[in-house]
Amino acid sequence: MSAAVLGTIVGLGVLSPARLKVLLAHHDAVDALERLRSGDLLHPMVSRGLPAGRLDALRAAARVASVDQMADALDRCGVGVHGLHDASYPAALVHDPEAPAALFVRGDLGALESRRVGIIGTRHASAAGRATASELGSVLAGEGVAVVSGLARGIDAAAHRGVRARGGPGRPIAVVGSGPDRHYPKQNAELWEWVAAEGALISEWPPGVEPDAWRFPQRNRILAALSEVVVVVESRERGGSLITARLAADRGIEVMAVPGSPRSRASLGTNQLLVDGVAPVTSAADVLMMLGLDHRREGSVPFDPRPQPDEVQRAVLAVCEGEPSNLDMIVSATGFVVMDAALAAARLEREGWLIEAGGWFEPTGSRLCP
């Protein structure tokens, strides 16, 4: 039942992903829901800086939400719930600065224990682009590599169709922008069901959540973080593929791009990536070679991609590990000037070592799981 409670809290849809992580770092799911419904006080780090109207809306949503309905939906759809501090949570995401508080999964997360390549691109793909994505998916699957995509129309779907045509041993992994039971686009419904049956279909939202437009850019951080290499097959000058490529690069994940005709709008983004210095993909062998050069995210041992704090940042982090601290407390404890303390705290937050809520900083790790 705790899985259904966690799903219910995520499904309230009132808190941002970062604030949701703060809530679940200080209260287990059952305790959090009971406090929201009863009006009992939440931990100060949860309520601090949260507008009263937002907290009222959260409590109101919690009172009408049905845990039994969530449990039925999870069971009916065959969805497993994996909280950030559960042993089953993907190792590749554990230390990510933007790791979701929970994942809703159809299929087998064991697919993530393989080598993993993200293949992404525009929904408005050319025939050549779709053929390239399909070929890459097929060859990589034949080499035992799991292919990660967003299951969008165009390049994403073509890559997974290539995996399906090869028949393994590499498995499909999809990170979708809706609840795991909401096929989008509709024409990919059969492909969704195949991914769920043969690999892992992953969402940060519970069953029933519709594919609102804003959810797709948000899910791209998960797609990037689960990949060891990200290949952009075709991309226009703007769009979700370039967002994913940037998110991957920010995490130290290798980005590659397939060169395209300068006459084709579908290649403007990929060609710009090449100009910016990413490695070109002229065959699947280029991708396999890149995988061979980087084993840091391989397997089930969590890899911590965060830059290590410098001396000033370590001192600030030590203060916040003792108790949630605001800037005045950090300055008082360390003796640093305000500017140095503020810059160190901001960098620690940006790189995933601290969470900030209402001007107070604390470590990202859960207080429930020391």
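**Entry 1: helix α17 and its sheet**

I began with helix α17, residues 338–350, which lies across β11 and β12 and runs at about 110° to β11. A reminder to myself: this is a predicted model. Next I looked up the sheet that holds those strands. It is an open sheet of three strands in the order β10-β12-β11, and the pairing is antiparallel. The edges are β10 (325–326) and β11 (354–357), each of which pairs on one side only. I then checked how β10 meets strand β12, residues 360–363, and found two bridges in the antiparallel sense.

**Entry 2: the nine-stranded sheet**

I turned to the other sheet and traced its strand order. Nine strands form an open sheet, running β1-β2-β6-β5-β4-β3-β7-β8-β9, with mixed pairing. At the edges I found β1 (79–83) and β9 (279–280); each has a single partner strand, so one side of each is left without a neighbour in the sheet. I also picked out strand β5 (residues 172–175), which runs parallel to strand β6 (residues 200–203) and is joined to it by three bridges. There, I173 stands opposite A200 in β6. Helix α9, residues 155–166, packs on this sheet and touches β3 (116–120), β4 (146–149) and β5. Its direction makes about 160° with that of β4.

**Entry 3: α1 against α3**

How do helices α1 and α3 cross? I noted that the axes of α1 (residues 2–11) and α3 (residues 29–38) come within 8 Å and cross at roughly 50°. That angle makes α1 oblique to α3. The crossing is left-handed. I listed the residues that make the contact: S2, V5, L6 and I9 come from α1, while A29, V30, A32 and L33 come from α3. Sorted by type, the contact has seven nonpolar residues, one polar and no charged.

**Entry 4: aromatic rings**

Last, I went looking for aromatic pairs. With ring centres within 6.5 Å as the cut-off, the count comes to two pairs. I wrote down one of them, Y184 with F216: the centres are 5.4 Å apart and the planes stand at 45°, so I logged the pair as tilted. Where do the two residues sit? Y184 is in the loop between β5 and α10 (189–198), and F216 is in helix α11 (residues 215–226), so the pair ties together parts that are 32 residues apart in sequence.

Notes:
Residues are numbered from 1 along each chain as its sequence is written. This is a predicted model: local features need pLDDT of at least 70, side-chain atom pairs count only at pLDDT 80 or more; totals for chains, interfaces and linings use all residues. Side-chain values use heavy atoms; hydrogens and water are left out. Two strands pair if DSSP finds at least two bridges between them. Helices (H or I, at least four residues) and strands (E, at least two) are DSSP runs, numbered from the N terminus. Contact means heavy atoms within 4.5 Å. Axes are lines fitted to C-alpha atoms, for helices over the stretch in contact, and angles run from 0 to 180 degrees between N-to-C directions. Angles under 35 degrees count as roughly parallel, over 145 as roughly antiparallel, 65 to 115 as roughly perpendicular and the rest as oblique. A crossing is left-handed if the near helix is turned anticlockwise from the far one by less than a right angle, and right-handed if clockwise. Ala, Val, Leu, Ile, Met, Phe, Trp, Tyr, Cys and Pro count as nonpolar, Asp, Glu, Lys and Arg as charged, and the others, Gly among them, as polar. Rings of Phe, Tyr and Trp (its six-membered ring) pair if their centres lie within 6.5 Å; planes under 30 degrees apart count as stacked, over 60 as edge-to-face and the rest as tilted.
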